[in-house]
Amino acid sequence: RVQIEELKAIAEETHHPQIRRYYLLTEIYFHELASRDEEALKFGLDYKELVQSAPEFSSAQHLAIAEGYLGEIYLRLGKFDKANAASEASLSSFTPEQMNYLRGLELAFRIAFFSGEYKQAQAYIDEARSHVLFDEEDDFEGSKHLVGRWHYFSACLLFTLNDFKGANRELMGTSALLSDKKGWNL
């Protein structure tokens, strides 16, 4: 918290939008990690307001990213309608062939999954697997993790639907996640 408070003081002193952006993102991450999602929401809404008001961030992509953060927070709060609206707003800013669109589908899948919309969750899996960047044979490390995450999502869905054999088969495609150092370790 000491470093975050220092960043806050610098942001307030300088009124520099980029420093304020870093401060707000740090607060969002901190409160999410501390499971204080109501607090994270306050900073998420401030972040969206900053993106909408600062000329430095006036782009559809910055707004889409802000909506993605809000979607994640609303999901964690169990506010599925708001999470879904934020997710849709985020996805609408990207074209379907972009990597960010595919990443946005992950949030959309998790919202559908956790809200019990299993047919929609399966539709997101199918859409992701038909994406131009989804290549099971690609040797690029990032692709292996991407493919592994979607195998994991599919395994979770199949397990929830009592298809244990299918879930187990999907888990075989998650091996790239076992060595991932970005928090995706199974």
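**View A. Ser35 sits in the loop that links helix 2 (17–33) to helix 3 (37–53).** This is a predicted model, so local features need pLDDT of at least 70, side-chain atom pairs count only at pLDDT 80 or more, and totals for chains, interfaces and linings use all residues. Residues are numbered from 1 along each chain as its sequence is written, and side-chain values use heavy atoms, with hydrogens and water left out. Helices here are DSSP runs of H or I with at least four residues, strands are E runs of at least two, and both are numbered from the N terminus. Ser35 isn't a glycine, yet its phi is positive, at about 55 degrees. Its relative accessibility is 56%, so Ser35 counts as exposed (exposed is over 50% relative accessible area, buried is under 20%, and partly exposed is in between, with a 1.4 Å probe and protein chains only).

**View B. Asn162 is in the loop between helix 8 (141–160) and helix 9 (164–171).** Asn162 also has a positive phi, about 65 degrees, without being a glycine. With a relative accessible area of 56%, Asn162 is exposed.

**View C. The whole chain, zoomed out for orientation.** The chain has 10 helices and zero strands, so in sequence order you read α-α-α-α-α-α-α-α-α-α. The C-alpha trace spans about 55 × 35 × 30 Å along its principal axes. For 186 residues, a compact globule would have a radius of gyration near 16 Å, and the 18 Å of this chain agrees with that. The radius is taken over C-alpha atoms, and the globule rule is 2.2 Å times the number of residues to the power 0.38. Of the 186 residues, 39% are buried. Take the contacts (heavy atoms within 4.5 Å) between residues at least 6 apart in sequence: 51% of them join residues at least 24 apart.

**View D. Helix 2 packs on helix 4.** Two packed helices are described by the angle between their axes and the distance between the axes. Here the axes are 12 Å apart and the angle is about 20 degrees, which makes helix 2 roughly parallel to helix 4. For these numbers, axes are lines fitted to C-alpha atoms, for helices over the stretch in contact, and angles run from 0 to 180 degrees between N-to-C directions. Angles under 35 degrees count as roughly parallel, over 145 as roughly antiparallel, 65 to 115 as roughly perpendicular, and the rest as oblique. Helix 2 brings Arg21, Leu25, Ile28, Tyr29 and Glu32 to the contact, and helix 4 brings His62, Tyr69, Glu72, Ile73 and Arg76. By class, that's five nonpolar, one polar and four charged residues. Nonpolar covers Ala, Val, Leu, Ile, Met, Phe, Trp, Tyr, Cys and Pro; charged covers Asp, Glu, Lys and Arg; the others, Gly among them, are polar.

**View E. Ile73 lies in helix 4.** Is Ile73 buried or exposed? Ile73 has a relative accessible area of 0%, so it is buried. Leaving out residues up to four places away in sequence, Ile73 touches Ile28, Glu32, Asp37, Ala40, Leu41 and Gly44.

**View F. Helix 4 (residues 60–77) meets helix 6 (residues 99–114).** Their axes come within 11 Å and cross at roughly 20 degrees, so helix 4 is roughly parallel to helix 6. On the helix 4 side you'll find Gln61, Gly68, Gly71, Glu72 and Leu75, meeting Asn100, Leu107, Arg110, Ile111 and Phe114 in helix 6. The residues of this contact split into four nonpolar, four polar and two charged.

**View G. Helix 5 (residues 80–91) packs on helix 6.** The angle is about 165 degrees and the axes are 10 Å apart, so helix 5 and helix 6 are roughly antiparallel. Helix 5 contributes Phe80, Ala83, Asn84, Ser87 and Leu91, and helix 6 contributes Tyr101, Gly104, Leu105, Leu107, Ala108, Ile111 and Phe114. The tally for this contact is nine nonpolar, three polar and no charged residues.

**View H. Val132 lies in the loop between helix 7 (118–129) and helix 8.** Val132 counts as exposed because its relative accessibility is 65%. From Val132 to Ile19 you go 113 residues in sequence and 36 Å in space, C-alpha to C-alpha.
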